[in-house]
Amino acid sequence: MSNVLNAQIAQRIDSLAKVHQSKGFNGNVLYSKNDSIIFTGSYGYIDFESRKPLNEATVFELASCSKQFTALAITQLVEKQLIRYNTKVQEIIPDFPYQHITVEHLLRHQSGLPDYQKLFYNKKHWNRKKMATAQDVVDLLNKLNLKLSFEPGGRYEYDNTGYVVLGVIIEKVSQQSYAEYIKEYIFTPAGMQSSKVSAVDNNLEQDENVAIGHTYNKRKKRHQRANEDKNHKHLNWMKAIIGDTGIYTSILDLEKWKQALRNNILITEESKQLMFSTDEVSKKYGFGVAIYDTESKGKWVYHNGSWGGAKTMILYLPETNEFLVILSNNRYEETYKKFEEDLYKLIQ
């Protein structure tokens with residue numbers, strides 16, 4: 001790709017992003033090809049109150065895009081022969097109430113587990129004055145022992161709870177906290193120096209370059225912090241649950257993540273291909289990533305996320321070595337579909 005063409009694509013992406021900024025988008029965008037960053041752009045504010053501008057190193061909450069980090073950590077533990085994909089969760093977490101769920105069922109969203117968010121929103125199940133953790137999710141599953149939606153392995157049903165359980169598995173098997181493990185075995189070897197994991201005792205929003213999640217109050221015609229939104233009050237007691245979410249990173253660090261994946265720095269090629277594969281039950285989902293096959297550019301390795309004022313999208317095209325990221329901290333409605341589709345058309 002010539003420098004002239006790169007410049008043209010960068011200009012088109014910037015123009016498109018500014019159109020979406022005029023419609024409400026607040027966030028950062030990155031596009032790279034062949035491990036070279038073609039474009040980065042920052043549009044809006046870290047914090048709508050201070051109006052401090054975003055920069056390309058600003059760290060955003062990934063929401064469900066965090067799942068690929070959890071999945072990769074599990075894959076590493078399999079490579080170390082500490083667990084197997086067919087290991088039953090009860091073998092790792094003895095008080096886990098469902099005897100037939102395996103690690104791979106969790107990875108591919110085939111467990112049938114109940115939605116923990118609904119459980120923790122119920123005052124009967126949780127004291128909202130306490131910040132819940134991933135272990136609290138497992139403890140509540142054990143206490144309630146609710147019926148599964150279906151027999152494990154029976155069908156695909158996207159499920160956040162399974163990835164919270166995977167986070168606990170990482171801690172049990174590695175004998176480290178989730179945050180410690182991710183930092184030591186993913187962030188550090190990948191060179192992701194700005195990346196962080198949320199935790200109960202670590203208020204990341206106090207960091208001067210961490211984007212604070214916002215929603216838009218139509219009645220007051222202004223942005224507000226997400227945890228002040230009546231529709232997002234759950235952030236005040238569920239913010240510290242990790243595994244399904246909890247990774248904070250920048251567009252620049254995500255490019256390093258992609259390169260570490262591509263160059264097999266974190267896991268082997270064989271493991272990566274398994275991570276990027278589907279099966280007969282989860283026909284469009286691998287380990288922590290959605291998988292789509294396209295005629296124009298081959299395989300898509302994709303995920304999006306929505307949580308706590310954040311809306312995010314990560315797209316990796318391994319066959320053409322292209323990488324596209326949108327990180328937003330104000331839940332811009334068109335982040336998915338319209339904005340990402342418009343961006344994808346630009347790089348066709």
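How many nonpolar, polar and charged residues does the lining of the largest cavity have? Before selecting that lining, note that the model is predicted, that local features need pLDDT of at least 70 and side-chain atom pairs count only at pLDDT 80 or more, while totals for chains, interfaces and linings use all residues. Residues are numbered from 1 along each chain as its sequence is written, and side-chain values use heavy atoms, with hydrogens and water left out.

**Stop 1: the largest cavity**

Select Q68, W257, K258, L261, F276, V289, V301, Y302, H303, I314, Y316 and F323, which line the largest cavity. By class this lining has nine nonpolar, two polar and one charged residues, where Ala, Val, Leu, Ile, Met, Phe, Trp, Tyr, Cys and Pro count as nonpolar, Asp, Glu, Lys and Arg as charged, and the others, Gly among them, as polar. A cavity is, on a 1 Å grid over the protein atoms alone, a set of points where a 1.4 Å probe fits but cannot get out, and lining residues have an atom within 4 Å of a point. The space in the largest cavity is about 80 Å³, a volume being the space filled by probe spheres set on the points, which are joined across faces, edges and corners. Colour α10 (251-262), β11 (298-307) and β12 (310-317), since each supplies at least two residues of this lining; helices (H or I, at least four residues) and strands (E, at least two) are DSSP runs, numbered from the N terminus.

**Stop 2: strand β12**

Eight of its eight residues are buried, meaning under 20% relative accessible area with a 1.4 Å probe and protein chains only. A310, T312, I314 and Y316 lie on one side, and K311, M313, L315 and L317 on the other. In a regular strand the side chains alternate between the two faces of the sheet.

Next, show the neighbours of β12. Seven bridges join β11 to β12, and the two run antiparallel; strands count as paired if DSSP finds at least two bridges between them. W307 has A310 of β12 as its bridge partner, and in the hairpin of these strands, with two residues between them, G308 takes a positive phi near 60 degrees. Strand β13 (residues 322-328) is also joined to β12 by seven bridges, again antiparallel, with F323 in β13 as the bridge partner of Y316. The hairpin of β12 and β13 has four residues between the strands, and there N321 takes a positive phi near 50 degrees.

**Stop 3**

Now select E61, A211, G213, A310 and N329, which lie nearest the centre of the second largest cavity among the 10 residues that line it. About 50 Å³ of space lies here, and the lining divides into four nonpolar, four polar and two charged residues.

From E61, move to Y248, its bridge partner in β9. Three strands form an open antiparallel sheet in the order β5-β9-β6. β5 (60-61) and β6 (196-197) stand at the edges with a single partner strand each, so one side of each is left without a neighbour in the sheet.

**Stop 4: the largest pocket**

Finally, select T215, Y216, N217, K218 and E333, which lie nearest the centre of the largest pocket among its 18 lining residues. A pocket is an open set of points with protein on both sides within 12 Å along at least five of seven lines, and this one has a volume of about 440 Å³. The lining divides into two nonpolar, eight polar and eight charged residues, and its largest share, three residues, comes from β7.

Methods:
Buried means under 20% relative accessible area, exposed over 50%, partly exposed in between (1.4 Å probe, protein chains only).
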